[in-house]
Amino acid sequence: MTMLTEQAHMLTWVIYFAGVALGLVVLGHLLQRVRRPFVRVLCRALYLGVLLAPVSTDPERLFFTPAIMQASLSAMAGRFEPMQQALISIGGVTLLALLLAITYYLKVFYNKKSA
């Protein structure tokens, strides 16, 4: 198994972030017709929470990988401990994203109604 150099590791994250950003633009375009802002905010939070959850692959060098990739590859390889760690990371980050999205929604949209 070959390990990535630090530059290659950073490049893979830059490419991954670019893909997530492009997907967020596409998701925004798909959600334009949804009338409820709360649904749009929650969909974006779920998308970002699932795709941006990290999991450690090398604690000594602080290398991380997207947890969705780790969970998928571990499931295909039949390695359930790394898959379980990745799913816990996905659950935690998604829960945090949902809490932040709900807080954002309440702050922005209820402040507009009270003004």
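A: Helices are DSSP runs of H or I with at least four residues, numbered from the N terminus. Leucine 24 lies in one of them, helix H1, which covers residues 6-30. The model is predicted, so local features need pLDDT of at least 70 and side-chain atom pairs count only at pLDDT 80 or more, while totals for chains, interfaces and linings use all residues. Residues are numbered from 1 along each chain as its sequence is written, and side-chain values use heavy atoms, with hydrogens and water left out.

Buried means under 20% relative accessible area, exposed over 50%, and partly exposed in between, with a 1.4 Å probe and protein chains only. Leucine 24 counts as partly exposed because its relative accessibility is 28%. Contact means heavy atoms within 4.5 Å. Not counting residues up to four places away in sequence, leucine 24 touches Arg44, Tyr47 and Leu48. From leucine 24 to asparagine 111, the C-alpha to C-alpha distance is 26 Å, and the two are 87 residues apart in sequence.

Helix H2 spans residues 37-51. Its buried residues are Val41, Ala45, Tyr47 and Gly49.

A nonpolar core is a set of buried Ala, Val, Leu, Ile, Met, Phe, Trp, Tyr and Cys residues joined through side-chain atoms within 4.5 Å. The largest such core has 7 residues: Ala53, Val55, Ala67, Ala71, Met83, Ala86 and Ile90. Helix H3 (67-77) and helix H4 (80-114) each supply at least two of its residues. Apart from this core lies another, of 6 residues, among them Val20, Leu27, Leu31 and Tyr47.

Definitions and conventions:
Expected span 1.5 Å × (residues − 1).
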